[in-house]
Amino acid sequence: MPDRSQRLSELARKVEAGTRIDVEEAAALWRHAPDELLRRLAGSVRARFHRPERATYTVMRIINYTNVCVAQCDYCAFYVLPNQDGGYVLSREDVFAKIDELLAVGGDLVGFNGGFNPRLPLHYYAELFRAVRARYGERVEFYALTIAEFMYLADHAKLSFHEAAAQLREAGVYWITGGGSEILTEDFRRRHSKFKYTVAQYFEAWKAVVEAGIRTTATMVIGFDETLEERLEHLQRTRDFQDWCLANGHPGLFSFLCWTFKPYGTPLGGAELAPEEYLRHMALARVFLDNVKHFRTSVLTLNEAAFRALEYGADDFDLPIEDEVTQKAGARIDRDLDALLAIPRRMGFAVEYRHPERAPLAGAA
């Protein structure tokens with residue numbers, strides 16, 4: 001049986017030759033590869049898609065349109081239950097004011113994120129998204145919902161995922177993100193979000209969104225109590241989904257975004273993940289997800305430390321000016337965008353603004 005050094009050399013040659021690794025090989029890299037080897041291998045996969053010295057970014061805002069939610073995930077510090085004090089739903093004017101402020105600081109990407117609010121029907125969202133399209137045209141793009149929110153809306157409206165996706169697409173929705181995934185294993189959901197949908201249902205909804213001509217992204221959150229095996233299962237499911245998209249003629253996942261759990265004020269609690277573990281995870285994920293072009297690092301949850309991930313496989317990042325969900329759990333928003341951008345530039349990266357893709361897919365219904 002080859003010794004560990006020989007095994008790592010074989011895996012390195014395999015990755016650098018462009019050959020896909022499996023879960024067992026990924027686990028071996030995680031357990032035994034030094035940081036520098038993971039960093040080198042992630043860089044080799046990154047270079048298949050991007051110039052090594054180039055990094056892109058957006059300036060964006062998460063608009064948390066409501067904080068009322070019945071999912072009761074134990075890792076969330078943001079939600080209130082229906083009829084509890086402090087619940088809100090933003091008015092149309094409030095939403096527009098937040099978008100106007102984003103435009104004023106040079107941003108043009110909005111993400112809508114709230115929760116499972118039983119008092120907001122599907123037509124509320126359709127009318128809101130139509131209004132945003134009518135008012136702003138191509139000046140902004142928006143990520144309308146997460147897959148998890150989309151699932152709740154469809155269920156609440158007693159529609160199939162395909163029917164709900166068609167209604168949102170007709171309302172001008174071009175993007176629904178892979179949010180609400182956290183860790184995509186059934187055991188994780190039973191432990192922490194038992195009122196959320198199953199992993200199987202999540203992928204059923206995700207496929208319906210893609211088949212409706214709506215673009216999407218993948219997300220992952222680490223730093224709860226998940227095992228290595230659960231992290232790798234999440235990555236395997238994500239890679240399989242992207243394989244399915246590409247095999248069926250869909251653009252599939254535009255990007256993969258990983259961030260870290262912020263524990264403050266949450267029922268779950270705990271300590272924050274060390275940046276060094278995040279970097280190793282990003283490198284391993286970049287090696288494993290060989291069919292996803294863009295890897296986005298999380299300035300929102302790691303602040304300045306997030307830029308180091310550009311040396312561990314990431315090529316893109318957001319500069320958010322607001323996200324109540326993570327801010328409630330301890331995230332710190334830095335609005336000094338020039339100072340933030342100076343960090344990757346000092347690291348030697350040519351940083352370029354990336355406008356979000358706006359045009360609807362050709363032939364989409």
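What share of the 365 residues in the chain is buried? Buried residues make up 58%, where buried means under 20% relative accessible area, exposed means over 50%, and partly exposed lies in between, with a 1.4 Å probe and protein chains only.

A word on the source. This is a predicted model, in which local features need pLDDT of at least 70, side-chain atom pairs count only at pLDDT 80 or more, and totals for chains, interfaces and linings use all residues. Numbering runs from 1 along each chain as its sequence is written, and side-chain values use heavy atoms, with hydrogens and water left out.

Now the overall fold. The chain has 14 helices and eight strands; these are DSSP runs numbered from the N terminus, helices being H or I with at least four residues and strands E with at least two. For 365 residues, a compact globule would have a radius of gyration near 21 Å, and the chain agrees with 20 Å. That radius is taken over C-alpha atoms, and the globule rule is 2.2 Å times the number of residues to the power 0.38. Along the principal axes, the C-alpha atoms fill a box of roughly 60 × 45 × 40 Å. Of the contacts (heavy atoms within 4.5 Å) with a separation of 6 or more, 75% come from residues 24 or more positions apart.

Next, the rings. The whole structure holds 26 aromatic pairs. Rings of Phe, Tyr and Trp (its six-membered ring) pair if their centres lie within 6.5 Å; planes under 30 degrees apart are stacked, over 60 edge-to-face, and the rest tilted.

One of the pairs is Tyr57 with Tyr353, edge-to-face at 5.1 Å centre to centre and 85 degrees between the planes. Tyr57 is in strand β1 (residues 54-63) and Tyr353 in strand β8 (residues 350-353), 296 residues apart. Tyr57 counts as buried because its relative accessibility is 11%, while Tyr353, at 25%, is partly exposed.

Another is Phe256 with Phe295, tilted, with 4.8 Å between centres and 35 degrees between planes. Phe256 lies in strand β5 (residues 253-260) and Phe295 in strand β6 (residues 294-297), so this pair ties together parts 39 residues apart in sequence. Both phenylalanines, Phe256 and Phe295, are buried.

Ring pairs also link Tyr65, Phe112, Tyr124, Tyr125, Phe129 and Phe142 into a cluster.

Last, charges over rings, which require NZ of Lys or CZ of Arg within 6 Å of the ring centre and within 35 degrees of the ring normal. The charged end of Arg133 sits over the ring of Tyr174, 4.1 Å from its centre. Arg280 lies over the face of Trp30, 5.1 Å from the ring centre.
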